[in-house]
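Colleague: Before I use this model, I would like to hear what stands behind the terms. Please go through them one at a time.

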Amino acid sequence: MKSAETDVAVVVDVLRATSVMTTAFGSGVKRIFTCCQISEAVSLAKQIENTDQGNQRPLLCGERSCKPISGFDHGNSPSEYTPARVRGQTLIMTTTNGTKAIEAASSAKQLIAASFLNLPAVVETLRGSRLVHLICSGTDGQITAEDVLLAGAIIDACTVEYRVTLEDDESRIAQGFWASCLPVSERSPWVSVKNGNEKQLSHLLAKSFGDTLGGANLKNLGFEQDLHRCAQIGTQSAVGVRSQKNPTAFELLASA
Ligand code: MLT
């Protein structure tokens with residue numbers, strides 16, 4: 001990644017970190033701190049509790065090997081992040097891959113969290129950006145198809161909307177993969193989304209997640225419903241944007 005030149009880094013962890021972040025902001029979460037290590041998350045929670053007395057205790061959230069972390073308030077299923085549970089709260093989140101990808105992209109000028117849920121809002125946020133890097137979190141150091149699909153979807157949308165120039169073959173491969181997974185009669189899947197076919201495409205997408213590395217891991221642990229939850233294109237308008245570094249925190253993008 002050519003960090004010094006990066007205008008915007010878009011972090012992608014479809015299953016499930018950035019889908020959870022999008023859902024949480026959509027449910028009214030105030031701020032999400034992201035940490036790579038469990039110990040870091042726990043000590044940040046203590047620090048915030050000690051300094052922000054009178055405020056609500058931050059909620060510890062995340063997973064290891066897809067499972068909830070012992071002693072934490074919430075795991076990493078979007079279904080846990082309902083308005084009743086999280087509205088107005090501060091979250092501290094640590095996940096196996098997603099929060100590491102956020103850290104890896106830390107030198108970007110602007111950092112946003114993307115998912116299929118907020119795809120149209122992310123595309124709108126990228127309007128006018130000079131250089132965009134898409135950071136796919138993957139699974140344990142390996143590429144995972146659901147992240148490449150979202151990268152391809154963002155590229156497809158930006159090509160249609162802003163006539164962007166693609167700088168590398170990875171972008172072209174991602175765009176081709178997305179188009180081949182979701183065959184449509186229109187010029188591209190994004191055009192089909194714009195024509196109101198997002199429900200049909202979301203259904204196909206959820207099915208394709210079943211064959212991916214990240215999707216298979218979740219299915220094996222009984223989180224199959226999360227594949228459907230994370231495949232819903234454009235159901236959220238919330239976009240989380242990094243609001244501070246050291247410690248890293250995200251807030252809702254003002255225009256979202
Ligand atoms: C991660 O960050 O590794 C993922 O979000 C994994 C998961 O959701 O279980």
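**Terms and values**

Modeller: Helix α1 is followed by G28, whose phi is positive, near 95°. Helices here are DSSP runs (H or I, at least four residues), strands are E runs of at least two, and both are numbered from the N terminus. This is a predicted model, in which local features need pLDDT of at least 70 and side-chain atom pairs count only at pLDDT 80 or more, while totals for chains, interfaces and linings use all residues. Residues are numbered from 1 along each chain as its sequence is written, and side-chain values use heavy atoms, with hydrogens and water left out.

Colleague: Why is helix α1 called largely enclosed by the rest of the structure?

Modeller: Buried means under 20% relative accessible area, exposed over 50%, and partly exposed in between (1.4 Å probe, protein chains only). In α1 (residues 17-26), 9 of the 10 residues are buried, so the helix is described that way. Among them are A17, V20, M21 and F25.

Colleague: Why does N76 count as buried?

Modeller: The relative accessible area of N76 is 4%, so it falls in the buried class. N76 is placed in the loop between β4 (67-68) and α3 (83-86).

Colleague: Which residues is N76 in contact with, leaving aside its neighbours within four places in sequence?

Modeller: Contact means heavy atoms within 4.5 Å. On that basis N76 is in contact with R16, A17, V20, G62, E63, M93, T95 and D226.

Colleague: What makes R16 a charge over the ring of F223?

Modeller: NZ of Lys or CZ of Arg has to be within 6 Å of the ring centre and within 35 degrees of the ring normal. The charged end of R16 sits over the ring of F223, 4.6 Å from its centre.

Colleague: How many aromatic pairs does a search of the whole structure find?

Modeller: The search finds 2. Rings of Phe, Tyr and Trp (its six-membered ring) pair if their centres lie within 6.5 Å; planes under 30 degrees apart count as stacked, over 60 as edge-to-face and the rest as tilted.

Colleague: Why is the pair of F116 and W178 called stacked?

Modeller: The ring centres of F116 and W178 are 5.9 Å apart and the planes are at 25°, so the pair is stacked. F116 lies in the loop between β6 (110-114) and α5 (119-125) and W178 in helix α7, 62 residues apart. W178 has a relative accessible area of 1% and is buried.

Colleague: Why is the pair of F116 and F209 called tilted?

Modeller: The planes of F116 and F209 are at 45°, with the ring centres 6.1 Å apart, so this pair is tilted. F209 is in helix α9 (residues 198-209), 93 residues from F116. F116 and F209 are both buried. F116, W178 and F209 form one aromatic cluster.
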